Each structure stands twice: as structure tokens, then as C-alpha cells.
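Biologist: Please take me through this model feature by feature, giving the general idea of each reading before the particular case.

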Amino acid sequence: MARRPALVLTTAAALALAAAVPATASGPAGAERGRAAAERSVAYRATAPYLIHAKGVKAGYVPDKYCVANRTGPGALGYPHFNHGYDNSVDPSKPAALYYEDDGRGGKRLVGVQWLVYDRDQNPATDDDRPSLFGRAFKGPLRGNFPGQPVHYALHLWLWKANPKGVYETYNTAVACLPGTTRPQPAA
């Protein structure tokens, strides 16, 4: 039961932070800024229960056993947990993925979330169906990251761990994969 007060305090602090985040030069302005803040608050409330790793798994987010590190620079995503029932969602309460990092005690700590929307024509050269959420356009269209994944758009949001590079950046430079936790690379 000791976790409940901490969860309540964390959620309250997160909601206050979401409401206080100012728009950037490339971010929304005016009424759009208010809508973006409201959508972020929804995302915080919806994902707060998943601070307890077992609750994220119970909600249908399937863990990958490997941590995903940025291969071209610093940072990582952490351990992706996908709920493909939420693929194509632009509902702030239904991200397609949760990202966890090792908590240093043998458990997992929620750090970020992602929305994933399939490209309508599966042509990476066109983007007339680019979605947006939080007043931000999704990145893409991107080729699949694994065999069978369609061309898609993605939006990452680092709700639960600050990202020095920005709240919507793909990789978080404050997240690291422990040695031996990344997917082995095929021999060249």
C-alpha cells in the first residue's frame, strides 16, 4: 500500500507539469496550446497506473525482452511494450507502446509512451495522411522496424522521465540499456 501515496503524488506532479509546459517556437499556440496541455493531462492520467509494471502487462502491453538503444547516437527507448490493439490510435489515453527502463532493483520503471499510425498508402514518399496529437505532427512515414511492420508514423512522448533533447524526441539520452540487454545483431 505504500506505493499508492507515491503514485498519487507522482500523478499530481505530472499533471501540474503538463499544464505548465510552455509552447515552443515549433509548438502549438493559443487555443491549440490549451488543447495540447489537456491531451497531455489525459495521457498522464491514462498511463499513471502503468507506473506499476505488472499493471501495464495486465492491460495488454506485451514486453519485449530486449532494450532498444539508439544505434546512431546517444540514448535509448528502453524496453518496448506494445499493445497492438492500440495501433492507429490518436487517442491520448491509448498509446500503442509503453517504454520501461531497468529500475536498478530488478524491476522496470515507466519512462515514455508512443503512438503508432500506419501510413494509408504504404508509400514513404507521400505524407498526406500525417496524424498529429498534442499539437505535434507525427514523425514519418517510417519504414517498419521489423519484418511485417507496415510503413507508419510515430510520436514519442517522454512523460515519466525527462528527455534532455526534448519531450517528443524519438530517443531519450537519459535512458540507457544495461550491458547485455540489447538484441544481438546478426553477423555481417
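**Reading the model**

Modeller: The lining of the largest pocket divides by class into 13 nonpolar, ten polar and five charged residues, where nonpolar covers Ala, Val, Leu, Ile, Met, Phe, Trp, Tyr, Cys and Pro, charged covers Asp, Glu, Lys and Arg, and polar covers the others, Gly among them. This is a predicted model, in which local features need pLDDT of at least 70 and side-chain atom pairs pLDDT 80 or more, while totals for chains, interfaces and linings use all residues. Residues are numbered from 1 along each chain as its sequence is written, and side-chain values use heavy atoms, without hydrogens or water.

Biologist: How many residues line the largest pocket, and which lie nearest its centre?

Modeller: A pocket is an open set of points on a 1 Å grid over the protein atoms alone, where a 1.4 Å probe fits, with protein on both sides within 12 Å along at least five of seven lines, and lining residues have an atom within 4 Å of a point. Here the volume, the space filled by probe spheres set on points joined across faces, edges and corners, is about 820 Å³. The lining has 28 residues, with Val68, Arg71, Leu77, Asn145 and Tyr171 nearest the centre. Strands E2 (68–69), E3 (76–82), E8 (139–142) and E9 (152–157) each give two or more residues to this lining.

Biologist: In what order do the elements run along the protein chain?

Modeller: Elements are DSSP runs numbered from the N terminus, helices (H or I) having at least four residues and strands (E) at least two. The protein chain has three helices and nine strands, in the order α-α-α-β-β-β-β-β-β-β-β-β from the N terminus. Of contacts (heavy atoms within 4.5 Å) between residues at least 6 apart in sequence, 50% join residues at least 24 apart.

Biologist: Which residues have the most contacts inside the largest nonpolar core?

Modeller: A nonpolar core joins buried Ala, Val, Leu, Ile, Met, Phe, Trp, Tyr and Cys residues through side-chain atoms within 4.5 Å; buried means under 20% relative accessible area, exposed over 50%, and partly exposed in between, with a 1.4 Å probe and protein chains only. By that rule, 39% of the 188 residues in the protein chain are buried. The largest core has 20 residues, and Leu98, Trp115, Phe134, Phe138, Leu157 and Leu159 have the most contacts inside it. Helix H2 (31–47), strand E4 (97–102), strand E5 (108–118) and E9 each give two or more residues to this core, and E5 gives the most, with four. A second, separate core of eleven residues includes Ala76, Leu77, Ala97 and Val111. Leaving out residues up to four places away in sequence, Leu157 touches Arg40, Gly112, Val113, Trp115, Phe134, Val167 and Tyr168.

Biologist: Where is Phe134 found, and is its side buried or exposed?

Modeller: Most residues other than glycine have a negative phi, and most peptide bonds are trans. Phe134, although not a glycine, has a positive phi of about 60°; it is found in the loop between strand E6 (132–133) and strand E7 (136–137), and it is buried, with a relative accessible area of 1%. Asn88 also has a positive phi, near 75°, but Asn88 is found in the loop between E3 and E4 and is partly exposed at 40% relative accessible area.

Biologist: Which residues does a cis peptide bond join?

Modeller: The cis bond joins Gly140 and Pro141, with omega about 5°, and Pro141 lies in strand E8.
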